[in-house]
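Q: Could we go through this model together, one region at a time?

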Amino acid sequence: MSERTLDLICLGRLAVDLYAQQVGARLEDAHGFARYLGGSSGNAAFGTARLGLRSAMLTRVGDDHMGRFLTETLAAEGCDVSQVHVDPQRLTALVILGLKDRETFPLLFYRENCADMAVDESDIDEAFIASARALAITGTHLSTAGTLAASRKALALAGRHGLKRVLDIDYRPVLWGLTGRGDGENRFVASRDVSAHLQSVLDQFELIVGTEEEFHIAGGSTDLMTALRTVRAITPAILVVKRGPLGCSVIEGELPADIDAAPTYRGTRVEVLNVLGAGDAFISGWLYGWLRGESIERCCAFANACGALVVSRHGCAPAMPSRAELDYFLAHAEQLQRPDLDQELQHLHRVSVARRHWDDLHIFAFDHRRQFFELARECGADVQRLPRLKQLLVEAVATTERNQQLQGRVGLLCDGNYGQEALNHATGRGWWIGRPVELPGSAPLEFEHGRSIGSYLQQWPLEHVVKCLVAFDPDADPILRIEQETQLLSLYDAVRASGHELLLEVIPPPGPQRAAQVLRSMQRIYNLGIRPEWWKLMPPEAEDWSAIDALIADRDPWCRGVLLLGLNAPFATLAAGFTAAAGAESCRGFAVGRSIFVEPAQAWLRNEIDDAELVNQAAQRFDELAQLWQGARRRPATAQEAVDYAA
């Protein structure tokens, strides 16, 4: 089994969750919703993949935008989606959820003839089942003839190939037709038919997980011990009983006389925001430990911690913790009754989850606003032509991507003033995309769209990186510096709330101590508690990189790194900066603009060249700069070698 390519296959529900963003409001009064991946099996596949298991999803989605969202989200987390089949006849399932108070979580399932409930035996591939170590199924997929047949086939194949088989009882009465469609929140309705249905398959599992109420339905009794005795008479499986704030009880062999006599593992009591998804987080943590051979006690610690973290957060799948978060929480559990307020935990949830890997970036920066306005005026051109100019520069980026084979290593910086259409054309191509928020030339810092920066960011695609240029002087007048720092803190709060990454472009005051001032500025920003994903800096000398590398490694080892800016420098000067950075641990590429676009843009604005020639000339200059960067990366391996090479 150690040679198998997958740890876990999750068979069952995969849906889109629309969560009301107004906490405390009736679902009738909610006016904004956040979209997340959902569905019990989907959440478990996502949660275990985030923790590090080789997980896979087996289900169906519709041939629609929401289905693609779900498969792309799972794949981005490292989950195998090769057996997420596209159903051309049905839509992807949808759930609408609200957070009224600690006891009230309205829930509407839109699952009439949905894709994931159309899974049938033809979707179950024996070779795929045999490639895993475990198979997890939820009770919902035992509720109809078609999904039951598919589940039975998967279970039989799993038994034949020696997989561990897991049942998450996951009882939703509405999905068994036992309540009105608007009563999705109801967690328990007694039903002899459902109990008999579940009992017909219990003997096929090695692990069964459920709440006390879910064991009531599985055992056909509202007395927990009576229900557990019925379940035990059918199966020798490990029984894990989730007991809410009490933690969980685990029964491996004979039943005790009372549930409190069973080994019970308590978790940390935390402030509850949202119980929805807590069970999926629990089983994700349990399976993570169990399939790695951890002790029962450790499995329960992982499970309880995952559940505690998710109940303190908005959403299900995106609230799932990484292993770094889990380790931090377990090490500090006694002080984390409000994990949602812990700054370090918030940071880990932001940076330690799966993210697109960027290591060698070639970025064309044309986010300038004032400079483009002045360029148009100098050339006697109508500023209304600037949006078209920026669209053409997007084409230049695409040309260089093809010419230099930079797929996954190319990007741009563009503004939303003259460049909104350019941004629209660039978004969704897999490029690194940044856009500015600062009011050009403002000192102290001001934002272009006012102080309500968080509201503005809600309009942005999540793939856009928030870029903020700040003229920062660590020795400035304290009143000016405090205003500057207050604005930076408000921006950092906004990006943490919105989920966007942050790039800070730090421009020191002129003078001979530039390198020292850049380093001190970065130190000061870190001291404020601001940890940007990206830094954009004037190219340091080779001997200055070691201090920058050490600072970033010490203050934020999750930092994405440093990008080098250009400031309209000649290519020879830029090449020297590239060479000096060749041995730097934290340098990830360049973001250069005026050195590339000024001359072609002037000619185009003066009507001396047409659109095609503008694209050609800008791409040629971008090509040349990319080649200089690649050449520098191939040369010196250390900072000292860079000094020797430059000499």
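This is a predicted model: local features need pLDDT of at least 70, side-chain atom pairs count only at pLDDT 80 or more; totals for chains, interfaces and linings use all residues.

Q: What is the strand order in the open sheet of four strands?
A: The order is β3-β2-β6-β7, and the pairing is mixed. Strands (E, at least two residues) and helices (H or I, at least four) are DSSP runs numbered from the N terminus, and two strands pair if DSSP finds at least two bridges between them.

Q: Which are the edge strands?
A: They are β3 (33-38) and β7 (107-110), each of which pairs on one side only. From one strand to the next, the twist averages 20°.

Q: How many bridges join β2 to β3?
A: Six, and the two strands run antiparallel; β2 covers residues 15-20. Within this pair, L18 stands opposite R35 in β3.

Q: Which helix lies across β2 and β3?
A: Helix α2 (residues 65-76) does, at about 65° to β3. Axes are lines fitted to C-alpha atoms, for helices over the stretch in contact, and angles run from 0 to 180 degrees between N-to-C directions.

Q: Changing topic: which residues touch the most other members in the largest nonpolar core?
A: F364, F366, L412, V437 and W535 do, in a core of 85 residues. Helix α21 (residues 611-634) gives the most to this core, with nine residues. A nonpolar core is a set of buried Ala, Val, Leu, Ile, Met, Phe, Trp, Tyr and Cys residues joined through side-chain atoms within 4.5 Å. Buried means under 20% relative accessible area, exposed over 50%, and partly exposed in between (1.4 Å probe, protein chains only).

Q: And what does F364 touch?
A: Leaving out residues up to four places away in sequence, its contacts include L393, L412, I596, A618 and F622. Contact means heavy atoms within 4.5 Å. A second, separate core has 58 residues, including V84, V240, V250 and A333.

Q: How do the axes of α20 and α21 cross?
A: The axes of α20 (residues 594-605) and α21 come within 9 Å and cross at roughly 165°.

Q: Which residues make the contact?
A: Among them are I596, P600 and W604 of α20, and L614, A618 and F622 of α21.

Q: Is L392 buried or exposed?
A: L392 counts as buried because its relative accessibility is 1%. It lies in helix α13 (residues 386-403) and touches W604, D611, L614 and V615, not counting residues up to four places away in sequence.

Q: Where is N607, and what is its phi?
A: N607 is found in the loop between α20 and α21. Its phi is near 65°, a positive value in a residue other than glycine. N607 counts as exposed because its relative accessibility is 60%.

Q: Lastly, which peptide bond is cis?
A: The bond from A443 to P444 is cis, with omega near 5°. P444 is placed in the loop between β16 (432-436) and α15 (453-457).

How values were computed. Residues are numbered from 1 along each chain as its sequence is written. Side-chain values use heavy atoms; hydrogens and water are left out.
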